[in-house]
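Let's take a walk through a protein model together. Have a look at the sequence and the 3D view, then read on.

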Amino acid sequence: MVEGSEKGGFPKNFHLVDDPLSRHKLAVLRDERTPTPEFRQAMKELALILVAAATRRMPTREVRINTPLVGTTVEAIAAPVCLVPVLRAGLGMLDGALALLPKATVGFMGLQRDEETAQPVEYYVNLPKDLPNYSVVVLDPMLATGGSLSATLTKLKEEGAGWVSCIHAVSAGPGVERVCAEHPDVHFYSAALDPELDENSFIVPGLGDAGDRLYGTL
Ligand SMILES: O=P(O)(O)OC[C@H]1O[C@H](OP(=O)(O)OP(=O)(O)O)[C@H](O)[C@@H]1O
Ligand SMILES: O=c1cc[nH]c(=O)[nH]1
Ligand SMILES: [Mg+2]
């Protein structure tokens, strides 16, 4: 993993998860020939890898237990976890994240980019009332202009979220610059950092519209 703090040119809260396995999953996702079932499966598997990376900085606490042989001190994740998929495409990462964090609570952030302006329009929000008690992981395969993620993080902070990390399959330079600057306290984990956006604010080379490819609404 390339940590933001290790490589010149990366914001220090951006982390590229570019091991061979995540690159392999990403190759499946980027290929236009990948049909919906395989796309969905690869997104789920990539989410497993990314969510493991995103727990690296999660607060832990010491717990006293007994092994079958002796008493010892172990480490456990300190706070309950709340996963927040950004609808729709974020749902494609939810099963993978829940496989590693099965006790997690799930909140929902419903946003859709306006096709003309690329601005996010909020249509559904459902978050736990006691959000300040949780460590929050935001799931969204695509970080393009950063508008949807910025709106999500602003909402989470209004609701009192403290520790927050985000996972993405593909991020674009302009969106990364924006969210890292606006939210220096949040860590962002992505399997790719693509250079640019096209005239419709789609990531290039990217993988197309993640929601459409996950749900077959092409
Ligand atoms: O960084 P941004 O420029 O805001 O773009 C990224 C957003 O666009 C996509 O959602 P979309 O609006 O296509 O909704 P969908 O998941 O329902 O397809 C994607 O899943 C992100 O939420
Ligand atoms: O390239 C992009 C940009 C936004 N949303 C997507 O699904 N893909
Ligand atoms: Mg979409």
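What covers the buried residues of helix 5? Keep in mind that this is a predicted model. Helix 5 runs over residues 173-182, and its buried residues are Gly175, Val176, Val179 and Cys180. Look down the axis of the helix and you'll see these buried residues fall within an arc of 120°, so they line one face of helix 5. As for the cover, it includes strand 1 (14-16), strand 9 (142-143) and helix 4 (147-158), along with strand 10 (164-172) and strand 11 (187-194).

Now hop over to helix 2, residues 36-54. With 19 residues at 1.5 Å a residue, helix 2 should span 27 Å, and because its end C-alpha atoms are 26 Å apart, the two values agree.

Next, the ligands. Ligand 1 is surrounded by 24 residues, and the closest are Ala89, Ala144, Thr145, Ser148 and Gly211. Strand 4 (81-87), strand 6 (108-113), strand 9, helix 4 and helix 6 (210-215) each give two or more residues to that shell. Sort the shell around ligand 1 by class and you get 12 nonpolar, eight polar and four charged residues.

Which residues surround ligand 2? They are Ala89, Met142, Ala144, Phe202, Ile203, Gly206, Asp209, Ala210 and Gly211. By class, the shell around ligand 2 has six nonpolar residues, two polar ones and one charged one.

Technical notes. Residues are numbered from 1 along each chain as its sequence is written. Chains are lettered from A and ligands numbered from 1 in the order in which they are written. This is a predicted model: local features need pLDDT of at least 70, side-chain atom pairs count only at pLDDT 80 or more; totals for chains, interfaces and linings use all residues. A residue is buried if 20 or more other C-beta atoms lie within 10 Å of its own, exposed if 12 or fewer, and partly exposed in between; C-beta atoms are placed from the backbone. Helices (H or I, at least four residues) and strands (E, at least two) are DSSP runs, numbered from the N terminus. The arc is that of the directions from the helix axis to the C-beta atoms. Two residues are in contact if their C-beta atoms, placed from the backbone, lie within 7 Å. The expected span of a helix is 1.5 Å times one less than its number of residues. A residue is near a molecule or strand if its C-beta atom, placed from the backbone, lies within 6 Å of it. Ala, Val, Leu, Ile, Met, Phe, Trp, Tyr, Cys and Pro count as nonpolar, Asp, Glu, Lys and Arg as charged, and the others, Gly among them, as polar.
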